[in-house]
Amino acid sequence: MIKENDMILTVDVGNSSIGYAIFQNHQILFQDIISSRYDSELDAIIARLKEAIRINKLDISHVKAGIMVSVVPGLTMIVQMAFKNVFKIKLVPFKNNFKIDVNLLIDDPKELGADLVADLVAMKRDYKMPAILVDLGTVNKTLFLDCDGNFIGCYFFPGMKSCVRSLGDEAALLPNLNRIEKPSVQFGKNTEEAILSGVFYGTLSSIEGIADHYEKMMGQKITRVISGGFSKVIASSLSDFKFDLDIVMRGLYYLFLDNIEKFNCE
């Protein structure tokens, strides 16, 4: 019988990375990230997991259950097999019949990515409403929650890496850059600086503009949260935003706690 104080594994499979964490008693004991672009073979994932366990001297024998979300269908089964091989447990994917304490006021809740559901669950539980969450990844997602913590909609727009790549792919005279970083200058004085500055400050301005617009719409102060892989590049330049890289992992842990009976049936 799985209990609330057991060690629980949470896994988030994204387009760029596979993140995972081990929880116990509401605390993250360990977490790590594996590239899903370059280490997506079963043996490679198993090797990375075993290496992390060895280096960090983790005792994983007390991990009793696992919950996962995936936005990469081609990787879902591979990741399940890899974690079962190493942790000796079954990773249970989020399902539409899971209980969640957020009202999804959108046209078709089944369309919403499971990772975003986890984000919303943690946002409502951990932050004051109304609020927005900006998740910077392959796609930039902005999630809007109203005064009662209802999810009322979202914005999707190209991520920073997608913007850099599109410039190199679509403009014949622009180079293909393979890095995303905060520019060292305010204004680009050469082609590479111009691309990095434009993508960085364009993303920065869009995030702040969206947040200011929502706050004006709500007529009151909103909570502003930023997360996602590329948030580390831009978070320090944003005012009034809380930097929260663990939010999807906490959301998955909360989903486990709210649906523990389903894991005991697995």
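So, the largest pocket: 39 residues line it, and Asp-12, Ser-17, Asp-135, Gly-228 and Gly-229 sit nearest its centre. A pocket here is an open set of points on a 1 Å grid over the protein atoms alone, where a 1.4 Å probe fits, with protein on both sides within 12 Å along at least five of seven lines; lining residues have an atom within 4 Å of a point. Mind you, this is a predicted model: local features need pLDDT of at least 70, side-chain atom pairs count only at pLDDT 80 or more, and totals for chains, interfaces and linings use all residues. Numbering runs from 1 along each chain as its sequence is written, and side-chain values use heavy atoms, leaving out hydrogens and water.

The lining splits into 15 nonpolar, 13 polar and 11 charged residues. Nonpolar is Ala, Val, Leu, Ile, Met, Phe, Trp, Tyr, Cys and Pro; charged is Asp, Glu, Lys and Arg; the others, Gly among them, are polar.

On to the backbone. Most residues other than glycine have a negative phi, and most peptide bonds are trans. Now look at Met-129 and Pro-130: a cis peptide bond joins them, omega about -5°. Then His-26, not a glycine, has a positive phi of about 70°.
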